[in-house]
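Subject: A structure for you to look at

Hello,

Here is the structure I promised to pass on. Please open it alongside this email, and my notes on it follow below.

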Amino acid sequence: MLQGESNSITNQKAILLKYAEDNHFPNPQFYVDDGVSGTTFDREGFKAMMTDIENDKVGIVITKDLSRLGRDYLKTGELIEMTFPDYDVRYIAINDGVDTLKSENELMAFKNIFNDWYARDTSKKIRAVFKAKGQSGKPLSSPPYGYKKSEIDKNVWEIDEEAAEVVRKIFQLCIAGNGPTKIARILTEEGIPTPTAYAKSKGRNAGHPNAKLHRWGEQTIDHILEKAEYAGHTVNFRTRTKSYKNKKQIRNPKSEWAIFENTHEPIISQKDFDLVQELRKNKRRIQKCGELNPFSGMVYCADCGKKMYLCRSKSLNADQEHLKCSTYAGDKDACTAHFIRTDVLSEIVIRELNSVLAKVKDNEEAFVKSALEKSQADRSSELKKAAKTLSVSEKRIAELDRLFTRLYEDNVSGKISDERFKMMSAAYEDEQKKLRELVSELTVFMEKSQQKATETAQFIQVVRKYEEITKLTPEIMHELIEKIVVHAPDKSSGRRKQKIEIHFRFHVATSIAVADSMDYDKKRKAA
């Protein structure tokens with residue numbers, strides 16, 4: 001790699017300096033934009049030149065040719081024909097024979113257009129190469145923090161162990177229940193260099209020049225936690241630019257991303273990465289007491305299906321803290337006022353979790369069989385319906401292909417008009433497009449259903465981590481439980497009883513429990 005300015009810039013300087021000396025132009029000053037496209041005028045050297053022009057410090061602007069001033073024919077023409085004359089600035093393009101003092105060059109406008117076309121054509125070719133590379137599974141971006149390019153093959157990423165340890169720490173802090181803001185504060189307090197500071201210390205491209213070097217930001221943590229690259233996958237086409245002139249980046253929807261799995265060594269296991277994404281879907285707030293609520297985002301009202309939120313304050317004792325239906329809180333006519341105390345729910349969940357742990361340890365084979373049977377029972381009707389819909393959809397797609405062929409033949413033979421052909425073919429294509437999308441969704445659904453054995457094995461692997469659960473944490477909740485459904489209380493017996501459904505991850509099991517507040521109050525008083 002060249003150090004300092006490029007050979008092109010060095011050669012241009014030599015040509016311009018000689019021209020200035022030969023024509024006795026005093027006090028030459030160079031304004032340089034090395035490696036920046038001429039399609040944009042958001043260039044540091046160009047902006048510095050315009051500032052000096054506005055301050056009457058420039059009398060003549062000289063470039064090697066018109067394209068060095070810019071490749072946007074509208075802006076370049078405006079500069080030469082309006083802006084420069086307004087400031088009494090003479091413009092010279094040496095190789096194109098342009099000198100605004102001597103005469104107007106009638107071909108100048110055409111040359112500017114050709115320069116613009118050249119930039120457009122070059123951009124198309126670069127985009128085509130870029131697209132082909134991205135679709136082949138090679139990474140289009142630089143390695144993220146935690147990776148570095150291989151010395152042997154620049155398209156291969158290797159783990160940068162020093163930075164990778166920080167990435168692992170960030171994921172573990174998140175799994176432990178810490179949000180991005182707290183993680184950023186912990187890393188800053190521990191004096192861990194930010195990604196920009198670390199890159200600078202290694203002599204690498206340090207990214208944004210205004211990035212903070214000594215303080216981690218919440219957004220940086222966010223970006224790290226969402227990157228599938230840390231699980232060993234390559235993700236291309238996350239962003240695009242508006243055009244070859246406007247380099248502003250636009251984020252593509254996820255449906256347009258190209259994801260290639262297991263392309264490099266992972267820093268984070270797929271299990272931990274998936275767990276973090278699950279945790280972040282249900283973002284939790286640290287309560288004023290400084291504790292995280294393990295139930296946040298996981299408890300639902302059985303009547304309206306909406307989440308229940310925690311009611312906690314300094315004025316409430318621990319046994320008064322409760323979860324309440326969010327719908328009822330906003331509209332008392334939309335749902336009932338049922339709630340459940342967190343101490344009661346915690347005891348039930350811990351009991352049911354330990355019961356599942358015991359079943360797995362006592363007879364793992366029986367648990368797997370039971371989980372598979374439950375899944376089959378839960379999804380049997382859905383799978384039958386999906387299979388039937390899939391078969392019908394595939395037949396209709398094939399039928400539409402035949403109809404379209406017949407329609408085309410009728411149009412060629414003159415049996416139907418071009419207008420009628422366009423209308424009918426558009427309708428067929430639209431129907432076929434929707435059917436193909438449906439087939440794709442159904443195929444994914446059926447494939448996921450067939451992966452049940454693998455999911456059950458993943459659940460058992462997590463269970464093996466725990467001997468006995470005595471306290472709930474966000475990590476335990478999200479690793480083992482899908483959701484908790486709380487029903488309205490039943491007071492018909494004279495006691496307040498409440499049905500609780502605990503749905504375990506991957507649909508391996510569902511526990512039904514009954515909360516009896518009177519029983520829990522007696523236990524607490526006895527304790």
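How many aromatic pairs does a search of the whole structure find? The search gives 11 aromatic pairs; rings of Phe, Tyr and Trp (its six-membered ring) pair if their centres lie within 6.5 Å, and planes under 30 degrees apart count as stacked, over 60 as edge-to-face and the rest as tilted.

Before the details, a word on the source. This is a predicted model, where local features need pLDDT of at least 70, side-chain atom pairs count only at pLDDT 80 or more, and totals for chains, interfaces and linings use all residues. Residues are numbered from 1 along each chain as its sequence is written, and side-chain values use heavy atoms, with hydrogens and water left out.

Aromatic rings

Helices (H or I, at least four residues) and strands (E, at least two) are DSSP runs, numbered from the N terminus. Phe 367 is buried at 8% relative accessible area, and Phe 459 is buried at 1%; buried means under 20% relative accessible area, exposed over 50%, partly exposed in between (1.4 Å probe, protein chains only).

Phe 459 also pairs edge-to-face with Phe 504, with 6.4 Å between centres and 80 degrees between the planes. Phe 504 lies in strand 15 (residues 497-504) and Phe 459 in helix 15, so this pair ties together parts that are 45 residues apart in sequence. Phe 504 is buried too, with a relative accessible area of 2%.

Elsewhere, ring pairs join Tyr 147, Trp 157, Phe 171, Tyr 230 and Phe 273 into a cluster.

Charges over rings

The charged end of Arg 43 sits over the ring of Phe 41, 5.4 Å from its centre, and that of Arg 496 sits over the ring of Phe 339, 4.9 Å from its centre. The rule is that NZ of Lys or CZ of Arg is within 6 Å of the ring centre and within 35 degrees of the ring normal.

In helix 9 (residues 218-226), the buried residues are Ile 221, Asp 222, Ile 224 and Leu 225. They lie on the same side of helix 9 because they cover an arc of only 165 degrees around the axis, the arc being that of the directions from the helix axis to the C-beta atoms. Their cover includes helix 6 (161-175), helix 7 (180-189) and helix 10 (270-281).

Helix 7 and helix 9 pack at about 110 degrees with axes 8 Å apart. Axes are lines fitted to C-alpha atoms, for helices over the stretch in contact, and angles run from 0 to 180 degrees between N-to-C directions. The two helices are therefore roughly perpendicular; angles under 35 degrees count as roughly parallel, over 145 as roughly antiparallel, 65 to 115 as roughly perpendicular and the rest as oblique. Their contact (heavy atoms within 4.5 Å) involves Pro 180, Thr 181, Ile 183, Ala 184 and Leu 187 of helix 7, and Glu 218, Ile 221 and Asp 222 of helix 9.

The axes of helix 6 and helix 9 come within 10 Å and cross at roughly 90 degrees.

Best wishes
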